[in-house]
Amino acid sequence: MSVAWRRRFKLLGAALLMIASVLVKLLYFAVLVLLAFSSGKRGSSSSSSSDGGDG
């Protein structure tokens, strides 16, 4: 294997690591937002029987 190929693979690996970390952060954020949204919706729809919830 030549030096150029090694350098290219190193660059590819670094780029893939960066992209993977960004994707993981985005997925984590999306899951958090989805959980908050679903729990908020569920809470507002199910706890409507009790009146002063915000009190």
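Why does Phe-9 count as partly exposed? Phe-9 does so because its relative accessibility is 48%; partly exposed lies between buried (under 20% relative accessible area) and exposed (over 50%), with a 1.4 Å probe and protein chains only.

This is a predicted model, in which local features need pLDDT of at least 70, side-chain atom pairs count only at pLDDT 80 or more, and totals for chains, interfaces and linings use all residues. Residues are numbered from 1 along each chain as its sequence is written, and side-chain values use heavy atoms, with hydrogens and water left out.

View 1. Helices (H or I, at least four residues) and strands (E, at least two) are DSSP runs, numbered from the N terminus. Of the 55 residues in the chain, 0% are buried. Carbon and sulfur atoms hold 71% of the accessible surface of about 5,300 Å² (Shrake-Rupley method, 1.4 Å probe; for residues, only the protein chains shown count as cover).

**View 2. Trp-5 and Phe-9 form a tilted pair.** Ring centres within 6.5 Å make a pair; planes under 30 degrees apart are stacked, over 60 edge-to-face, and the rest tilted. Here the centres are 6.3 Å apart and the planes stand at 40 degrees, so the pair is tilted. The two residues are four apart in helix α1, and are therefore separated by about one helical turn. Trp-5 is partly exposed because its relative accessibility is 46%.

**View 3. Leu-23 belongs to helix α1.** This helix covers residues 3-46. Leu-23 has 48% relative accessibility, so this residue counts as partly exposed.

Terms used. Rings of Phe, Tyr and Trp (its six-membered ring) pair if their centres lie within 6.5 Å; planes under 30 degrees apart count as stacked, over 60 as edge-to-face and the rest as tilted.
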